Amino acid sequence: MALSDFLSAVRTLILDAEDGPSEATARRAWIAASFPGLSDAESEDLARVPAERFGVYTETIFAGERSMLNWAYPISMAIIGRLLFERDNSQPIGHHQYDLVRELHGFLPWRSHSIRDLADGFHRFVCEWRTDLLEPWPGLADLMVMEAADVSVFYAEDEPVSALQPESWAALDVESLLMRPVVVPTCVFLARVGFDAIAFRRDWVDNASGPMRWPVESQSFVACGRAPETLLTEWVSLDGPSYEALASLPRGEAMTINDGAAAWLAAQTEDAFADEASAFAAFCEQLATWARAGIIMAPAEA
Amino acid sequence: MRNFDLPALGAGIGLRTEHYDEIRSTRPDVGWFEVIPENFLGRGGYVARALREIAAEFRCVAHGVGLSIGSTDPLDRDHLARLRGLLDAIDSPWYSDHLCFTMVDHVNLNDLIPLPFTEETIRHVAERSRIVQDILERPLLLENVTYYAAPSRSQMGEAEFITRILETGNCGLLLDVTNVCLNAKNQGYDPIEFIDSIPLERVGQMHLAGYEDHAHVKLDTHSRPVSEDTWALYREVLSRVGRTSALVEWDVEVPSLDRLLDEQRAAQRLMDDVCASAGAN
């Protein structure tokens, strides 16, 4: 028999199988029937391993995946755990999360070494398979997207960009400033969500153990970049026109501040500003915020 | 041959996210850092900058968790190509991973699952080890893993299995001293007899860690200080192999850098003591 059959049998015993009988003869027969590709000697060997020893791996594997999902989705996983605990308080939150991860494995096994793939699979699992978890608050799906984005932006591969220096802009005349080259890094994340996402994340962190309160419905726009100095993720709340402007700009391509300003102005309503000077001042203020959050940067060669 | 002809770096510690900033600001006196490449491959930003800066000042050696050398799934050559780039970037003198499988049927088991001790496994792992070394262009050390479910043992025992893989695949051994202690307890064998049955001249590196003692099984958790029985067996191994590279692993409930360095210093002192009394260099 081939090594691959043996490894597959071990995988099944660890991840998918019932414990099976414990009495030696019955266990041998059960192993032989479950894995007909194994030789008698191999069935004997596997049958000698008590089910609880395979269980050590089962526990380690799914607890490990739960830890990774707790890390990738710190708020969403906490919310899901508490939702499940409210339905059945006979088990602790961690136990519910563990069962959910086992269920995820049945729905979509993890097929790479990338935690991002595991996290993406979990999002799909919740949105397609465990939609009951979204019933109390459909915004959970958006929150999961945001949390996944936070990880993606943090780990995104380096791009040929450097920090803008907003504090130096005051010394420039308007034309020189507008002609400065800028770039929106490809890793920047933009989203339109149905709740005040930044306030909700802040409230959750401040009141993690308090009662669960769903945010009120309100459209909000957010951007996430990687702050040039710390290289940590930075979330910025946007108004609608700023979101439209940033979404319309090319990613990873050098342009001028003037290109950004034109997109931003085009997204404004006609009566948004009293005059050109106040519009320009408002744009510069936005631009400085985006620059500090790494949402707009300078091309590396600039 | 001694230390698999690799440099003896003394005692080091694993590079963990929690310590990046402190390492860069305090530059601790430590022989070397062990780097898990999967924590850096395809990643930029904060972690990439930290690795660049630390590798510029300290000796770093890569220890992988994703090679899955025993898997019957094809070797991931894209992964190996990226890995090669990272090893070159940090100037890792060797590469180590585990003698186990983590992927099977294209499913990630996310754990180090032991292989059956068979002739077929030896041929399979040896061939893949040669391919990996050709691609990475540096020595490969395979680490003995803990096993709770004893894999197929009808053809040979663990010591013979490891020995024949190392010799057939021309690999070195990353001797996890704690795993020997755990397997000896969980499987019921004599750890000294075990270390005297493996080719110690191929030991290029050692691992030392703490474990958890549960009712029916000892678990390799890397969540505690190095256990007393590990220190005792480490002393025995040192008396046979002399000065080498030893690494303290503490990956769960990671302590402060100072606490971890206490363990590293203990490992270094023991190495110095044993080697001084043996007159070894």
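Predicted model: local features only at pLDDT ≥ 70, side-chain atom pairs only at ≥ 80, totals over all residues.
Biologist: How many helices and strands does chain B have?
Modeller: Chain B is built from both kinds of element. The count is nine helices and 12 strands.

Biologist: Why is chain B described as compact as a globular protein of its length?
Modeller: The globule rule gives 19 Å for 281 residues. The radius of gyration of chain B is close to that value, so chain B is as compact as a globular protein of that length. Along the principal axes, its C-alpha atoms fill a box of roughly 55 × 45 × 40 Å. The radius of gyration itself is 18 Å.

Biologist: What share of the contacts in chain B with a separation of 6 or more comes from residues 24 or more positions apart?
Modeller: Chain B has 281 residues, and buried residues make up 50% of them. Among its contacts with a separation of 6 or more, the share from residues 24 or more positions apart is 79%.

Biologist: In what order do the eight strands of the barrel in chain B follow one another?
Modeller: The strands close into a barrel with parallel pairing. Neighbouring strands are turned by 30 degrees against each other on average, direction ignored. The order is S1-S2-S3-S4-S7-S8-S9-S12.

Biologist: Which residue is the bridge partner of His63(B) in S4(B)?
Modeller: Strand S3 of chain B, residues 60-63, runs parallel to strand S4 of chain B, residues 95-98. Two bridges join these strands. In S4(B), the partner of His63(B) is Ser96(B).

Biologist: Which strands of the sheet does H8(B) touch?
Modeller: H8(B) packs on the sheet, and its direction makes about 165 degrees with that of S9(B). The strands touched are S8 and S9 of chain B.

Biologist: How many residues of helix H6 of chain B are buried?
Modeller: H6(B) covers residues 177-187 and is mostly covered. The buried residues include Val177(B), Val180(B), Cys181(B) and Leu182(B). What covers them includes strands S8, S9 and S11 and helices H7 and H8 of chain B. Of the 11 residues in H6(B), the number buried is eight.

Biologist: Which residue just after H6(B) takes a positive phi?
Modeller: The phi in question is about 75 degrees. The residue is Gly188(B).

Biologist: Where is Asn110(B), which has a positive phi although it is not a glycine?
Modeller: The phi of Asn110(B) is about 55 degrees. This residue has 22 other C-beta atoms within 10 Å, and is therefore buried. Its place is strand S6 of chain B, residues 107-113.

Biologist: Is Asn3(B) buried or exposed?
Modeller: Asn3(B) is in the segment before strand S1 of chain B, and its phi is near 55 degrees, a positive value in a residue other than glycine. A residue counts as buried if 20 or more other C-beta atoms lie within 10 Å of its own. Asn3(B) has 20 such atoms, so the answer is buried.

Biologist: How are H4(A) and H7(A) placed relative to each other?
Modeller: Helix H4 (residues 51-72) and helix H7 (residues 115-128) of chain A have axes 10 Å apart, at an angle of about 80 degrees. Angles of 65 to 115 degrees count as roughly perpendicular. The two helices are therefore roughly perpendicular.

Biologist: How many nonpolar residues are in the contact of H4(A) with H7(A)?
Modeller: From H4(A) come Glu65(A), Met68(A), Leu69(A) and Ala72(A), which meet Ile115(A), Leu118(A), Ala119(A) and Phe122(A) in H7(A). By class, the contact has one charged residue and no polar ones. The nonpolar residues number seven.

Biologist: Which residue stands opposite Arg226(A) in S5(A)?
Modeller: S4(A), residues 217-226, and S5(A), residues 233-238, pair in the antiparallel sense over six bridges. Cys224(A) has Trp235(A) as its bridge partner. Opposite Arg226(A) stands Thr233(A).

Biologist: Which residue in the hairpin of S4(A) and S5(A) takes a positive phi?
Modeller: The hairpin has six residues between the strands. The positive phi is near 65 degrees, and the residue is Leu231(A).

Biologist: How many residues of chain A are in contact with chain B?
Modeller: Helices H1, H3, H4 and H8 of chain A each supply at least two residues of the side that touches chain B. By class, this side has 18 nonpolar, six polar and nine charged residues. They meet 32 residues of chain B, and the number from chain A is 33.

Technical notes: Residues numbered from 1 in each chain as written. Chains lettered and ligands numbered in written order. Axes fitted to C-alpha atoms, helices over the stretch in contact; angles between N-to-C directions. Helix = DSSP H or I, 4+ residues; strand = E, 2+ residues; numbered from the N terminus. Parallel < 35°, antiparallel > 145°, perpendicular 65-115°, else oblique. Contact = placed C-beta atoms within 7 Å. Nonpolar A, V, L, I, M, F, W, Y, C, P; charged D, E, K, R; others polar. Pairing = 2+ DSSP bridges. Rg over C-alpha atoms; globule rule 2.2 N^0.38 Å. Buried ≥ 20, exposed ≤ 12 C-beta atoms within 10 Å, placed from the backbone.
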